[in-house]
Amino acid sequence: MKSPDFNQIIDRHNTSSIKWDFLGRSLRLDKTDLLPMWVSDFDFQCSKEVLQALHSRADHGIFGYSERDDHYYQAAIDWFSRRHKLTLCRDWFTSIEGVIPGLALLIQTLSKPGEGVIVQGPYYGSFAKIITMNGRVMIENPLLESMEGYKIDYNHLEHMLEQHKPPLLLLCNPHNPTGRCWNSDELLRLLTLCKGYGTTVISDEIWADLILPWGKFTSILHLGSEWHSNVIAATSTSKAFGLSSLRISNFIIPNPELRRAFINRLNAHGLDVFNALSMTAATAAYQHGDVWLDELQHYLAENRCWFEQALSAVPWCRMTKAEGTYLAWLDCRDLDLDDDTLQRVLLQKAKIVVSMGWSFGDRGKGFIRINLGCPRQYLEKAINGLVQLMP
């Protein structure tokens, strides 16, 4: 089959795309000349195998109530075995329409109003939303900056665990926005601390299939059955295969008591029927997506290397070392601008829309996040725009 052309420009306007069609609503601006590099979906057409499976299912023409079948489960189990050397049991799988809704329901299920949930800043903004809007207290364990990428502050983490006795910690691995992949030693140290204080670790691993050639992904489930009593892993095909609006995710829960409690919560909300097209797309991706994903990862790695080299023309902007994702976490503090001014000049002079670092908490102030999951032309335009901000 012909290799995908990731350099192809595909017009995404008028497709109800949040990234491209809703800039005006999000920014309260009527601007058509801005390049959107904010929302973390990519601008590539999904694999031919997934498209063919969707066409075949749509041609059948009947879309009654649907449930996950043997092919769905086996495709996922085989994928994790083949790509990640993980042996998973079918009984561990629970499913819901999206990782964030699943995390929100787990917060409701495994904690009480007023209790704390630990996140590690800079943190994905939706983590703060689902914690605070569910009446829980967000406890931040800020990551430490270093030349090798961000690191976990274990002394501070233990202090937070001892002080607050939180029932939950939300881990992001690979980490959004920084791109760090936590290694086995880091994860074991974190799990040891959390288990000692009775804290369950929920690991958002939605980026696990987008690892850079020099990186390595270690799942919370790689660490052995002795940790299974207090770990949950959240997974999805949405990031790796560009299926964000075909919403289905899997929460892998080895502990039968936690799993039963989560399933009861899903049933209480009537979340016991699944989208036929979502399951078709995910199954096809897991069954036939290896070659396409390998080529995508190669392209994304080249994009990152090209962008980092091109940033030499923008000396005030430093790119954080990453092992995964297609996100670039850029330190703009040398410009010495407040965040409102930084956003304004990015819009008015650079003509690009980025995710502002402040939306990832206090540790993100002075940073921006740029989406590198796009044709090279867009990166060239972004660099040309950033050069316009030279002090």
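The legends below describe several close-up views of a predicted model. In this predicted model, local features need pLDDT of at least 70 and side-chain atom pairs count only at pLDDT 80 or more, whereas totals for chains, interfaces and linings use all residues. Residues are numbered from 1 along each chain as its sequence is written, and side-chain values use heavy atoms, with hydrogens and water left out.

**Figure 1. The two domains of the protein chain are domain 1 (18-47 + 289-387) and domain 2 (63-287).** These bounds come from an automatic or database domain assignment. The C-alpha centres of domain 1 and domain 2 are 25 Å apart. Contact, defined as heavy atoms within 4.5 Å, links 32 residues of domain 1 with 42 residues of domain 2. Together the domains bury about 3,000 Å², and 57% of this area is on carbon and sulfur atoms. Buried area is the accessible area (1.4 Å probe) that two parts lose on being put together, summed over both. Of the area that domain 1 buries against domain 2, Glu-323, Thr-325 and Arg-363 supply 23%, more than any other three residues.

**Figure 2. Salt bridges and polar contacts join domain 1 and domain 2.** A salt bridge is a side-chain nitrogen of Lys or Arg within 4 Å of a carboxyl oxygen of Asp or Glu. Between the two domains there are 5 salt bridges. Asp-294 forms a salt bridge with Arg-83, and their closest N and O atoms are 3.0 Å apart. On the side of domain 1 that touches domain 2, two or more residues each come from helix 12 (290-310), strand 10 (327-331) and strand 13 (367-371). Helix 12 gives the largest share of that side, 10 residues. Helices (H or I, at least four residues) and strands (E, at least two) are DSSP runs, numbered from the N terminus.

**Figure 3. Glu-145 and Arg-333 meet in a salt bridge.** The N to O distance between these side chains is 2.9 Å. Glu-145 lies in the loop between strand 4 (137-140) and helix 7 (154-164), and Arg-333 in the loop between strand 10 and helix 13 (339-350), so the pair ties together parts that are 188 residues apart in sequence. The structure holds 18 salt bridges.

**Figure 4. Tyr-73 and Phe-93 form an edge-to-face aromatic pair.** Rings of Phe, Tyr and Trp (its six-membered ring) pair if their centres lie within 6.5 Å; planes under 30 degrees apart count as stacked, over 60 as edge-to-face and the rest as tilted. The count of aromatic pairs is 19. For Tyr-73 and Phe-93, the centres are 6.3 Å apart and the angle between the planes is 90°. Tyr-73 belongs to helix 4 (residues 70-84) and Phe-93 to strand 2 (residues 93-96), so the pair ties together parts that are 20 residues apart in sequence.

**Figure 5. A cis peptide bond runs from Gly-121 to Pro-122.** Its omega is near 5°. Pro-122 is in the loop between strand 3 (116-119) and helix 6 (125-132).

Notes. A polar contact is a pair of N or O atoms within 3.5 Å; within protein, one must be able to donate a hydrogen and the other to accept it, and residues adjacent in sequence count only if both atoms are side-chain atoms.
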